[in-house]
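Colleague: I am new to this structure and would like to be walked through it step by step. Could we take a few questions in turn?

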Amino acid sequence: MMLSTQTTDVLIIGGGVIGCSCAYFLSKAGMNVTILEQGELGGQASGAAAGLLAPLGPIPAPGTFADLILASFRQFPAFVAELEASSGIDVGYERTGALRVVRSGKRLTRLKQRFELWQSLGVRVEWMEGTEALKREPLLASDVCGAVYSPEESQVNAVQLVRALALSAQQAGAHIYPHAAVNEIMYSGTNVTGVRTTAGDLYACKQLIVTAGAWSARLLHPLNDILLPLRPIVGQMLALSQPEPALQHIIFGDTKYLLPRKREVLVGATKEDNGFAIQVTPQGIDKLHTTALRLMPSLSSQSIIRSWAGVRPGTPDKRPIIGPIPGWENLLVATGHNSSGIILSPITGQGITEYVTTGHLPDVLQTFGYERFNTPEFLSPSTPRPQLLMPDLQLIRLDHAPALLAFELENRAYFAASVPDRGDEFFAEFDTRYAQLLKYQAAGTDFLHVLVAERGEVVGRVNLIEVADGSAELGYRIAQKAAGQGLATAAVRKVCELAATEYGLTRLRARVKRDNPASRKVLEHNGFVAVGELTLNGKPAMSYICELR
Ligand SMILES: Cc1cc2nc3c(=O)[nH]c(=O)nc-3n(C[C@H](O)[C@H](O)[C@H](O)COP(=O)(O)OP(=O)(O)OC[C@H]3O[C@@H](n4cnc5c(N)ncnc54)[C@H](O)[C@@H]3O)c2cc1C
């Protein structure tokens, strides 16, 4: 069902820091810009980021990446001043200074080599013996035996930065739509003509920029098989309360970091290459906490205030992919910023704007194009293809049974963390139960759907049960590896449409535990309204109603 069509010069898919920075610079340059964001602005990697503006860590050697990250870093004072003036938002920019510490003689040599590299790049750095480092930051562990002090490394509040970019872009004329998930890019030959959202809205555009972070590959894949070499790299973080006296510097050590921010010390971050399971785990938190205490034993009396996770768009060479997609007339990409998207945000937005307005990328971005991956080796048939953009929603059939059983088995522990386990009997008697479900469906008392991905894999279920008097109860579950991609919201939306148009229903009910904010959001984004409280499996829960129109 098509609801509306809009036209824009430049359409940007993804409202993270990269999409918002592109929109900011493009709209300042007078372009007519629209951002479509499937969730909240900055709701993914950008909102999870620590906000370190610490370019030294990611620099392995002199070269084009060192030039890029240092050039972007050096823009921050002016960039932030301009943004704060236009938006009125304090983005929390602070020149905190950083200490990179080692606790064993073995690591000293490597740190000294890196110190010499950083010096050769013209960055202000100072070598410190352990005792000097302890004097500068008295909370450090007493076994720290060497450190590099870099007084210019800084921080910013990434959430506020995204807000300031978005607001400033809007003030310059950009249109920004959160909760607008793109599920199809339309094209004719080698020309992108527009996109379609899961709500059925159409946006026609002259230029398309894909800034969808870790999700960019699956958006682009349907376009003549474009393969972006992106991997989702999940990062977990936690915040401790500030000790007294407070931590003064950013501390890097043992592959983690501690970042003082007002009343908190942020500890980050894990790097997990396990798909899109964007979640905090006891193991992840334990790893971060243990490292924090090793670097700073006095933090042992500080409590963990909060923890969170996000997914970085990872590339094989840890460099971003910025520029046009070869062979396409009006398709650009700006993604793959790995662990440096916040620091690289100004230079990415400016570079994309220069390309859109002049047809040329600035020199500093010349080696970061997609071409470097457009090689026979990378494009070989053995390269894993991204999952389908939106798995197909189908009513259950007999031939879905093996894939559905595999889905339930693979995700059993994951589901059991939020809903009661189905029990061994369910799996032992699966065939009989499945036959019964098919009977209910044939009788019209249930409408049971599966989300079918490539090669017939089931990645989710959305059910309408107890159908009577124009009403039904909604339930859904999404595979762990497919979580965090807006699938549940899109699938529930689709089922609501079917309920109204195909199944003749006028009202849907749902129940969800209070401690399941993700599920509550899915309902609320689909027009469900909380109408009461109840107890579900011994836990406080809420009941919801959606009046279908
Ligand atoms: C724990 C953690 C800590 C980090 N710390 C730092 C740091 O200190 N400094 C630093 O420089 N970098 C840091 N990073 C990296 C940085 O966060 C990322 O590189 C950066 O946020 C990437 O920005 P992005 O806009 O490309 O991606 P995202 O912020 O993920 O934005 C992409 C957006 O696209 C949207 N989208 C996806 N598909 C669709 C669709 N079909 N339709 C519409 N919208 C869609 C998503 O919802 C998302 O909001 C950190 C990352 C993590 C995970």
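This is a predicted model: local features need pLDDT of at least 70, side-chain atom pairs count only at pLDDT 80 or more; totals for chains, interfaces and linings use all residues.

Colleague: What is the order of the strands in the open sheet of seven strands?

Modeller: Several of its pairings can be followed one by one. β22 pairs with strand β23 (residues 507-513) in the parallel sense over three bridges, whereas β23 pairs with strand β25 (residues 539-547) in the antiparallel sense over seven bridges. The pairing in this open sheet is accordingly described as mixed, and the order is β19-β20-β21-β22-β23-β25-β24.

Colleague: Which strands stand at the edges of that sheet?

Modeller: In the order β19-β20-β21-β22-β23-β25-β24, the sheet is open. A strand at the edge has a single partner strand, so one side of it is left without a neighbour in the sheet, and this applies to β19 (392-395) and β24 (529-536).

Colleague: Turning to another part of the chain, is strand β15 enclosed or open, and how many of its residues are buried?

Modeller: Buried here means under 20% relative accessible area. On one side of β15 Glu264, Leu266 and Gly268 are buried, and on the other Val265 and Val267 are buried, so that both faces are covered. Strand β15 (residues 264-268) is therefore largely enclosed by the rest of the structure, with a buried count of five of the five residues.

Colleague: Which residue in β15 is the bridge partner of Pro260?

Modeller: Strand β14 (residues 256-261) runs antiparallel to β15 and is joined to it by five bridges. The two form a hairpin with two residues between them, and Lys262 in the turn has a positive phi of about 50 degrees. β15 also pairs with β12 in the antiparallel sense over five bridges, where Met237 has Gly268 as its partner. For Pro260, the bridge partner in β15 is Val265.

Colleague: How much of the area that the ligand exposes when taken alone does the protein bury?

Modeller: The ligand is surrounded by 38 residues, the closest being Glu37, Ser46, Leu52, Val182 and Asn338. Polar backbone atoms take part as well, since a ligand nitrogen atom lies 3.0 Å from one of Gln38, and a ligand oxygen atom lies 3.0 Å from one of Ile343. Taken alone the ligand exposes 1,000 Å², and the share of this that the protein buries is 98%.

Colleague: How many charged residues does the shell around the ligand have?

Modeller: The elements that give two or more residues to this shell are α1 (17-28), α2 (45-48), β12 (231-241) and β16 (304-314). Counted by class, the shell has 20 nonpolar and 16 polar residues, while the charged residues number two.

Colleague: Finally, what is the relative accessible area of Tyr24?

Modeller: Tyr24 is found in helix α1, and its C-alpha atom is separated by 9.3 Å from that of Gly173, 149 residues apart along the chain. Tyr24 is buried, and its relative accessible area is 2%.

Key:
Residues are numbered from 1 along each chain as its sequence is written. Side-chain values use heavy atoms; hydrogens and water are left out. A residue is near a molecule or strand if one of its heavy atoms lies within 4 Å of it. A polar contact is a pair of N or O atoms within 3.5 Å; within protein, one must be able to donate a hydrogen and the other to accept it, and residues adjacent in sequence count only if both atoms are side-chain atoms. Accessible areas come from the Shrake-Rupley method with a 1.4 Å probe; for residues, only the protein chains shown count as cover. Helices (H or I, at least four residues) and strands (E, at least two) are DSSP runs, numbered from the N terminus. Ala, Val, Leu, Ile, Met, Phe, Trp, Tyr, Cys and Pro count as nonpolar, Asp, Glu, Lys and Arg as charged, and the others, Gly among them, as polar. Buried means under 20% relative accessible area, exposed over 50%, partly exposed in between (1.4 Å probe, protein chains only). Two strands pair if DSSP finds at least two bridges between them.
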